[in-house]
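Please take a moment with the sequence and the structure that follow.

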Amino acid sequence: MPSNSPTPAGGHRDAADTPHGPTGPSPRDPSAAPRAATAHPAGPVPHSAPTPERADPIDPKPSPALRDRAPAASPEPTPRGYRAVFAVREFRAVFAAHLLSLLGVVVSELALTVLVYDLTGSPLLSALTFALGCLPYLVGGTLFAGVADRYPARRVLVTCDLICAGCVAVMVLPGTPVGGLLALRCLVASVSPVFTGTRMAALTDILGEGDLYVLGRSLLRIVSQSALLIGFGVGGVLLAALSARGAITITVGTFLCSAALLRFGTRNRPARTGGDGGGALLKESLAGARIVLADRRIRALMLLFWVPALFVVAPEALAAPYADEIGLGPAALGLLMCAMPVGHIAAELYAGAVLAPRVRSRIVLPVAAAGLLPLLLYGLRPGMVLTVVALALAGAGAAYIIGLDQWFVDAVPEELRGRAMTLLTAGLMTVQGIGMALAGLAAEFLPVHQVVAGVGAVGTLCVLPLVLEVRRAAPAHRIRTEVRDGADRHMTSG
């Protein structure tokens, strides 16, 4: 699923909102209690949002008066932070489905690469198998984005899983030619942005548009980063015990399990927009993309997701040649590959579990502006220790995304949410692929340490004007929102 450092492409990844209006219960869920909207420094306007369904309908922040009236034998405190997200039954199903399909995808990507190399003996075709996981994202995310809003989310998610399961089932047939394997790989990758964008939009129905949504997205990103650390290791073990086709077969089961979890673990909600006939789908998808990109605020926020991701992938793409340049062995290369995901996971867990929503909002722009600066350490051609530190710090810079998620969900009208998030996912995967390719091209002419240091400098120069644009694109009238935190009451200005 989309994340903000490179994730395995070709499956459902990781690195959108409602009309302006007073915060209150969603018309689709009359029983929902009103929630408070939290404004942020860049000034989004709060919107109506469905209150997330919880396993138990408990007010997460009871007023002091109600607490005073509570009997001595009071119930257990309502969970907060990430625990509160897991208290939502539907999110548990979405989380489990994401975990299963993502691990399966990582395993199948590794196994498919091995299978193509075994069949052809061509390093180019083997590498192309990975590249084909990124390239179709832009096509699928642009041409089929309308599906995310046009049809009920659960139906779209289950259908995408079933399509992927069918594609992988054909891959494992002994008679499938190499061209067929690559074509099926493209199809799975084209479906993935639609799945991811639909799921991101559906999370706002399940968790609401406030802090629970932000933490839910954070958890899915953490899973995506963890898959980089675990999935390839699991894939290596499976390939030692099974044939490449046998390892790929496992993915059929993970996609089917994901489909079952989403079908029976989530509610069937109506589509966000109506659509008559399939002929207008392409037009609707392209029109949605034009509307989203024409909005100055949404466009600036989307670029703030994309531009740092374009540059931050360079050190990972060049990890092997850099290890060779400074004389490190295979074990050290593994540490270099793990450093950035570990930094990302640690920073995101800290931001989600420790920082208050308005603090996460305040750090978005400064952290985004400084996030690529650790890569300048490569200019010193550092050894193993400093390189790991630089990569971990660059990974930690992704902590700005957790606050940016809230800004994005506050900026996009509800009827465009699925298309906007699908486009966001497609663009994120595409720019990461472009960033890897450009870094590799530059390393053909310059030493690797100079390329990575230059990426840090050029990337920072590109992000700084974008940060200023995000500030300028903030709504003209900032909304003050009261936020209760236990017995304390304070005001935050957007």
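In this predicted model, the side chains of Glu348 and Arg221 meet in a salt bridge, with 2.6 Å from N to O. Glu348 lies in helix α15 (residues 330-353) and Arg221 in helix α9, so the pair ties together parts of the chain that are 127 residues apart in sequence. Both Glu348 and Arg221 are buried, and the two belong to a network of salt bridges that links Arg217, Arg221, Glu348 and Asp405. Side chains of opposite charge can pair when their charged atoms come close.

The structure holds 8 salt bridges, and a further one joins the side chains of Asp211 and Arg360 at 2.0 Å, N to O. This pair, too, links distant parts of the chain, since Asp211 is in helix α9 (residues 211-241) and Arg360 is in helix α16 (residues 357-362), 149 residues apart. Asp211 counts as partly exposed because its relative accessibility is 29%, while Arg360, at 3%, counts as buried.

Another salt bridge is formed where the side chains of Arg296 and Glu469 meet, at 2.7 Å from N to O. Here the linked parts of the chain are 173 residues apart, with Arg296 in helix α12 (residues 296-312) and Glu469 in helix α21 (residues 448-472). Arg296 has a relative accessibility of 39% and therefore counts as partly exposed, whereas Glu469, with 19%, counts as buried, the cut-off for that word being under 20% relative accessible area.

Asp405, one of the residues in the salt-bridge network, also leads the reader to helix α19, where Asp405 is among the buried residues.

What does Ile248 touch, not counting residues up to four places away in sequence? Ile248 touches Ser108, Ala111, Leu112, Leu115, Val168, Met171 and Val172.

The cysteines call for a separate look. Which cysteine sulfur is closest to the sulfur of Cys164? It is the sulfur of Cys167, and because the two are 6.3 Å apart, the distance is too far for a bond. Cys167 is accordingly in no disulfide, and the count for the structure comes to 0 disulfides, given that a disulfide requires a pair of cysteine sulfur atoms within 2.5 Å. Cys164 is buried, with a relative accessible area of 0%, and Cys167 also counts as buried, at 5% relative accessibility.

Seen as a whole, the chain has a secondary structure that comes to 21 helices and 2 strands. Of its 494 residues, 54% count as buried. The chain exposes about 19,900 Å², and carbon and sulfur atoms supply 68% of that area.

Methods
Residues are numbered from 1 along each chain as its sequence is written. This is a predicted model: local features need pLDDT of at least 70, side-chain atom pairs count only at pLDDT 80 or more; totals for chains, interfaces and linings use all residues. Side-chain values use heavy atoms; hydrogens and water are left out. Buried means under 20% relative accessible area, exposed over 50%, partly exposed in between (1.4 Å probe, protein chains only). Helices (H or I, at least four residues) and strands (E, at least two) are DSSP runs, numbered from the N terminus. Contact means heavy atoms within 4.5 Å. A salt bridge is a side-chain nitrogen of Lys or Arg within 4 Å of a carboxyl oxygen of Asp or Glu. Accessible areas come from the Shrake-Rupley method with a 1.4 Å probe; for residues, only the protein chains shown count as cover.
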